[in-house]
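I opened this notebook to keep track of what I looked up about how two chains meet. The entries follow the order in which I went through the structure.

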Amino acid sequence: VIRASALHFTHRLQWLWQRLSAAYIAIYSVAMLVLLGLAMPLTHESWRDLMGSLLIRATSALFFLSVALHAFIGVQDILVDYVGGERLRLGLQLVLLGAVLYFTGHAISILWRL
Amino acid sequence: MQLEANRRPKYLGAKALLFDIRMPSPALVSILHRISGALLLLGFGLLLSPFERSLQSNEGFEAAAKLFEPKWVRALLLLLVWAYVHHILAGLRFLTIDVVGGVSLRSAKYSSVCVIVVSLAVTAYAGATLW
């Protein structure tokens, strides 16, 4: 019998999303590092222009979503491995979910207002 | 029988985990993957508000830049750089193992030592650029 909490999607889906988000994060990071390197030395104007373009805003929004999803699955794996009490774990999972949702909302709102 | 079972040493305390159990390099890469992942989540959370301020106004940009002037903040930033590089390299290693399937002990040792050494080297390079 599989007793998974409501916050668990199936393991295979987790596995897949964890890797898809990881691949996107890695590619975005390298691309961003190159763009930042080219934009050096950074001023407020050049930084704003770089982040303000529609392409960067869209890809950055996807980046923050990927980070949130990746972190949610990853920290959940840690919780499942180290926190034995089911109630405590469910509590911590809810805290994690709240933190990740708050982070995502904040990040997207920053990009939205650019 | 029972008595004998009870007299067996237990290696589950923090001291045992830290000092007594010899960790082979693949195990070290694995636990560091977890630690760096947790650090990165905390780091992202902390960096979001300077990120926001730096985009809002010229003053905000200056203030965010000023935030990274103290040496200890740069040291923390460097820790995050290490976490990022280690997490990505260790992740790529796990992905490769997933795709390639069973790997030999030799290649497992070699690739795990590579992950540790390269991420430290990149961090050193980043540190030299930051200072």
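Entry 1, the extent of the contact. I kept in mind from the start that this is a predicted model. I looked up who takes part, and found 18 residues from chain B and 28 residues from chain A in the contact. The two chains, B and A, bury about 2,100 Å² between them, and 70% of that area lies on carbon and sulfur atoms. I then noted that Arg34(B), Leu48(B) and Leu55(B) supply 31% of the area that chain B buries against chain A, which is more than any other three residues supply.

I counted 10 residue pairs in polar contact across the interface of chain B and chain A, with both residues at pLDDT 80 or more. On the side of chain B that touches chain A, the helices α3 (25–56), α4 (58–67) and α5 (71–100) of chain B each supply at least two residues. The largest share of that side comes from α3(B), with 10 residues. Sorted by class, the side of chain B that touches chain A has 10 nonpolar, five polar and three charged residues.

Entry 3, the salt bridges. How many salt bridges are there between chain B and chain A? The count between these chains is three, and the count over all chains also comes to three.

The side chains of Asp98(B) and Arg19(A) meet in a salt bridge at 3.1 Å, N to O. This pair crosses between chains, from helix α5 of chain B to helix α1 (residues 11–39) of chain A. I noted Asp98(B) as partly exposed at 37% relative accessibility, and Arg19(A) as partly exposed with a relative accessible area of 23%.

Arg34(B) forms a salt bridge with Asp81(A), and their closest N and O atoms are 2.7 Å apart. Here the pair runs from helix α3 of chain B to helix α3 (residues 54–82) of chain A. Arg34(B) is partly exposed at 25%, and Asp81(A) is partly exposed at 47%.

The side chains of Arg113(A) and Glu52(B) meet in a salt bridge at 2.8 Å, N to O. Is Glu52(B) buried or exposed? Glu52(B) counts as buried because its relative accessibility is 16%, under the 20% cut-off, whereas Arg113(A) is partly exposed at 48%.

Note on methods:
Residues are numbered from 1 along each chain as its sequence is written. Chains are lettered from A and ligands numbered from 1 in the order in which they are written. Side-chain values use heavy atoms; hydrogens and water are left out. Contact means heavy atoms within 4.5 Å. Buried area is the accessible area (1.4 Å probe) that two parts lose on being put together, summed over both. A salt bridge is a side-chain nitrogen of Lys or Arg within 4 Å of a carboxyl oxygen of Asp or Glu. A polar contact is a pair of N or O atoms within 3.5 Å; within protein, one must be able to donate a hydrogen and the other to accept it, and residues adjacent in sequence count only if both atoms are side-chain atoms. Helices (H or I, at least four residues) and strands (E, at least two) are DSSP runs, numbered from the N terminus. Ala, Val, Leu, Ile, Met, Phe, Trp, Tyr, Cys and Pro count as nonpolar, Asp, Glu, Lys and Arg as charged, and the others, Gly among them, as polar. Buried means under 20% relative accessible area, exposed over 50%, partly exposed in between (1.4 Å probe, protein chains only).
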